[in-house]
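The structure is shown first.

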Number of protein chains: 2
Amino acid sequence: MWTAIAETLRREIVEGSRQPGDRLPTEAQLSRRFGVNRHTVRRALSRLGEEGLVHSRRGAGAFVAARRTEYPLGARVRFHRNIRAGGRLPSRRIDHLEERPATAEEAEALELGPSGRIVLAEGVSFADGCPIALFASRFPAERLAGIAQALAEVASVTEALARVGVGDYARRSTRIGGELADPAQAAKLELSPGAPLVWTESLNVDPGGVPVEYGFTYFSGERVTLVLDHS
Amino acid sequence: MWTAIAETLRREIVEGSRQPGDRLPTEAQLSRRFGVNRHTVRRALSRLGEEGLVHSRRGAGAFVAARRTEYPLGARVRFHRNIRAGGRLPSRRIDHLEERPATAEEAEALELGPSGRIVLAEGVSFADGCPIALFASRFPAERLAGIAQALAEVASVTEALARVGVGDYARRSTRIGGELADPAQAAKLELSPGAPLVWTESLNVDPGGVPVEYGFTYFSGERVTLVLDHS
């Protein structure tokens with residue numbers, strides 16, 4: 001009996017008649033609708049919770065969970081391809097683009113000399129129009145002459161790098177931590193201040209091993225699942 | 001001038017006369033101590049911030065940052081080895097150990113039949129005595145007869161698996177997201193409720209590809225950096 005109830009609710013969620021964020025009817029209402037006791041309803045909701053379709057907030061009831069965006073991490077991370085592989089429409093917006101001297105940290109990561117300069121691109125990444133991450137990418141300005149203009153003209157980092165002669169690149173390393181969104185980050189991601197962020201610090205290199213991009217991405221911890229396949 | 005001030009403060013932190021969590025003197029105090037203007041002090045603090053040695057809280061001043069624990073993620077994740085590789089002393093405490101029927105999600109992950117049973121081990125992982133993560137690991141109870149007793153007797157999962165005949169295992173996949181610590185998680189991790197957690201969902205398999213462990217780990221996002229080497 002409870003599996004049939006779970007199946008009915010699952011169909012309503014998957015087919016879209018219940019949307020992410022919608023509150024489900026109460027246990028009492030579902031009991032009446034299906035003509036079963038509350039224990040049976042609870043078992044059905046519990047199954048949907050295990051499947052990640054529903055989440056319960058103490059005292060507030062059960063809600064349709066937002067569909068998480070899966071984001072594969074590996075040697076070949078490509079934002080647009082990653083999002084499209086999950087059946088979503090990727091887009092990016094650059095809010096800030098500047099060229100300036102590298103800090104010590106940036107110069108070390110990008111293997112620049114003491115007076116090296118970088119192009120910094122900051123902005124927001126979206127899946128189906130929903131903001132999922134902030135990015136702050138640094139590119140070596142002299143090594144990649146014209147990169148600032150390329151980034152201003154095309155949305156994709158892959159395409160911008162291709163325009164300045166980097167036809168291929170690979171991820172060398174990723175470091176991952178967690179922090180809380182500050183008010184500015186929260187506003188851009190359409191989250192509440194204090195929402196959980198998962199940040200990644202990453203380095204991309206060209207086929208000769210020369211660094212071409214070093215940066216940080218701040219993913220919404222609730223909207224994105226980073227996926228590693230170790231095989 | 002500011003590099004010399006940064007160097008002096010760096011030495012005080014690295015050599016231990018300033019400890020993680022200590023508040024640094026104010027900008028005004030540092031200006032007086034070094035006989036420079038505040039702009040110069042700010043530049044030195046900014047450099048230490050970039051290096052991850054110091055973090056500033058708005059209105060509260062600058063603090064010596066906790067040394068983060070690096071935790072490599074790959075096909076061969078071993079908790080004790082990972083922590084020792086970072087020059088720290090690993091330890092684990094199991095708070096809860098039970099055998100029970102698998103949920104649908106557990107049965108699917110561990111490839112169990114419909115009446116499959118699991119052993120659940122929940123507890124806390126430490127580096128140098130500081131709690132860095134909570135774990136909730138599921139093991140196939142029938143396939144690994146004796147695993148509950150082995151887990152109760154030895155701290156290391158690797159050693160417990162070896163006792164029940166699993167001499168080697170490898171990580172097949174890891175999924176990563178972020179959430180806020182609830183009060184119970186915060187208490188066990190000695191964090192404030194609402195502190196950022198990075199969770200991982202992982203599956204370990206034996207050399208024949210048969211699942212031997214499925215579980216979740218909740219890392220303190222502030223104390224741990226997950227490290228991926230894609231080469």
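In this predicted model, A:Glu70 forms a salt bridge with B:Arg175, with the closest N and O atoms 2.7 Å apart. Between chain B and chain A, the count is two salt bridges. The contact draws 35 residues from chain B and 35 residues from chain A. Together the chains bury about 2600 Å² between them, with 56% of this area on carbon and sulfur atoms. On the chain B side, B:Ile176, B:Leu228 and B:His230 lose the most area to chain A, together 24% of what that side buries.

Within chain A, helix α3 packs with two helices, as tabulated below.

| Helix pair | Axes come within | Crossing angle |
|---|---|---|
| α2(A), residues 27–34, and α3(A), residues 38–50 | 9 Å | roughly 105 degrees |
| α1(A), residues 2–14, and α3(A) | 8 Å | roughly 50 degrees |

Because angles of 65 to 115 degrees count as roughly perpendicular, α2(A) and α3(A) are roughly perpendicular to each other. Their contact is made by A:Glu27, A:Ala28, A:Leu30 and A:Ser31 of α2(A) and by A:Arg38, A:Val41, A:Arg42 and A:Leu45 of α3(A). By class, this contact has four nonpolar, one polar and three charged residues.

From their crossing angle, α1(A) and α3(A) are therefore oblique to each other, and their crossing is right-handed. On α1(A), the contact is made by A:Trp2, A:Ile5, A:Ala6, A:Leu9 and A:Arg10. The α3(A) side contributes A:Thr40, A:Arg43, A:Ala44, A:Leu45, A:Arg47 and A:Leu48. This contact has seven nonpolar, one polar and three charged residues.

Notes:
Residues numbered from 1 in each chain as written. Chains lettered and ligands numbered in written order. Predicted model: local features only at pLDDT ≥ 70, side-chain atom pairs only at ≥ 80, totals over all residues. Heavy atoms only, no water. Axes fitted to C-alpha atoms, helices over the stretch in contact; angles between N-to-C directions. Helix = DSSP H or I, 4+ residues; strand = E, 2+ residues; numbered from the N terminus. Parallel < 35°, antiparallel > 145°, perpendicular 65-115°, else oblique. Contact = heavy atoms within 4.5 Å. Nonpolar A, V, L, I, M, F, W, Y, C, P; charged D, E, K, R; others polar. Left-handed = near helix turned anticlockwise from the far one by under 90°. Buried area = accessible area lost by both parts, 1.4 Å probe. Salt bridge = Lys/Arg side-chain N within 4 Å of Asp/Glu carboxyl O.
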